[in-house]
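This report goes through the helix faces, nonpolar cores, sheet and aromatic pairs of one model. The sequence and structure come first.

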Amino acid sequence: MDAADISEDLAHVLLSSDQVHERVCELAEQIDADYAGRDLLMVGVLNGAMMVMSDLTRAMKSHCRIDWMAISSYGSGTKSSGVVRILKDLTTDITGLNVLIVEDIIDTGLTLSYLIQNLRSREPASIEVMTMFRKPDAITSAVEARYVGFDIPTEFVVGYGLDYDGRYRNLTDVATLAPHVYS
């Protein structure tokens with residue numbers, strides 16, 4: 001689905017699907033170069049990283065292994081509970097492996113900070129982070145991302161894996177929602 005299909009739901013498009021695709025290919029090239037000759041395990045953070053993980057791995061020229069985690073820092077509402085829970089853990093023993101965490105977005109950084117700490121305790125050879133989107137003005141937990149697709153404003157965005165109430169993940173563009181959708 002692209003923005004034209006649901007234009008009445010969107011306030012404005014921040015990034016087109018072409019811009020996103022071009023940046024994913026650039027990041028894949030950089031990751032290939034950085035991990036040349038080394039085993040790489042890419043850990044996608046569900047559900048949002050599903051799109052970027054799929055496109056990123058298909059754009060890469062080198063081998064990599066893939067695993068998934070699902071973590072949450074949200075309770076029943078839209079505000080963070082401050083408690084991070086693992087909903088689905090890795091099936092791979094990461095001891096001694098080069099791990100690249102693949103995220104859809106870094107907002108506050110709270111959840112990612114917890115995830116990095118948790119994975120470090122499992123003694124991988126290295127841990128790095130790739131995020132497709134980052135909101136620099138919203139970050140409250142210091143987290144370093146080695147690979148960043150785009151820095152975006154502190155607005156609620158949907159598309160390319162990002163959702164609102166479980167919807168809009170399959171939007172190929174990245175856009176802000178029109179107020180009538182969430183009010």
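## Basis and helix H3

A residue is called buried under 20% relative accessible area, exposed over 50%, and partly exposed in between, with a 1.4 Å probe and protein chains only. The model is predicted, so local features need pLDDT of at least 70 and side-chain atom pairs count only at pLDDT 80 or more, while totals for chains, interfaces and linings use all residues. Residues are numbered from 1 along each chain as its sequence is written, and side-chain values use heavy atoms, with hydrogens and water left out.

Helices (H or I, at least four residues) and strands (E, at least two) are DSSP runs numbered from the N terminus. In helix H3, residues 110-120, the buried residues are Thr111, Leu112, Leu115, Ile116, Asn118 and Leu119. They lie on the same side of H3, because they cover an arc of only 165° around the axis; the arc is that of the directions from the helix axis to the C-beta atoms. Gln117 and Arg120 are exposed, on the face of H3 turned away from its buried side.

## Nonpolar cores

A nonpolar core is a set of buried Ala, Val, Leu, Ile, Met, Phe, Trp, Tyr and Cys residues joined through side-chain atoms within 4.5 Å. The largest one has 28 residues, of which Ile31, Leu56, Leu100, Val102, Met130, Met132 and Phe133 touch the most other members. At least two residues of this core come from each of helix H1 (17-34), strand E2 (40-46), helix H2 (50-59), strand E5 (98-106), strand E6 (126-134) and strand E7 (147-151). H1 gives the largest share, five residues.

A second, separate core has 20 residues, including Ile101, Ile116, Ile127 and Val129.

Leucine 56 is in contact (heavy atoms within 4.5 Å) with Val24, Leu27, Ala28, Ile31, Met42, Val102 and Met130, leaving aside residues up to four places away in sequence.

Two strands pair if DSSP finds at least two bridges between them. Three strands form an open sheet in the order E1-E9-E8, with antiparallel pairing. Strand E1 (10-15) and strand E8 (157-158) are the edge strands, each pairing on one side only.

E1 and strand E9 (residues 174-177) run antiparallel and are joined by four bridges. Here leucine 15 stands opposite valine 174 in E9. E8 and E9 also pair in the antiparallel sense, over two bridges, and valine 158 stands opposite alanine 175 in E9.

## Aromatic pairs

Rings of Phe, Tyr and Trp (its six-membered ring) pair if their centres lie within 6.5 Å; planes under 30 degrees apart count as stacked, over 60 as edge-to-face and the rest as tilted. The count by this rule is four aromatic pairs. Phenylalanine 156 and tyrosine 164 are edge-to-face, at 5.9 Å centre to centre and 85° between the planes. Phenylalanine 156 is partly exposed at 46% relative accessible area, and tyrosine 164 is partly exposed at 26%.

Tyrosine 164 also pairs edge-to-face with tyrosine 182, at 6.4 Å and 65°. Tyrosine 164 lies in the loop between E8 and E9 and tyrosine 182 in helix H4 (residues 179-182), so this pair ties together parts 18 residues apart in sequence. Tyrosine 182 is partly exposed, with 45% relative accessibility. Ring pairs also link Phe133, Phe150 and Tyr160 into a cluster.
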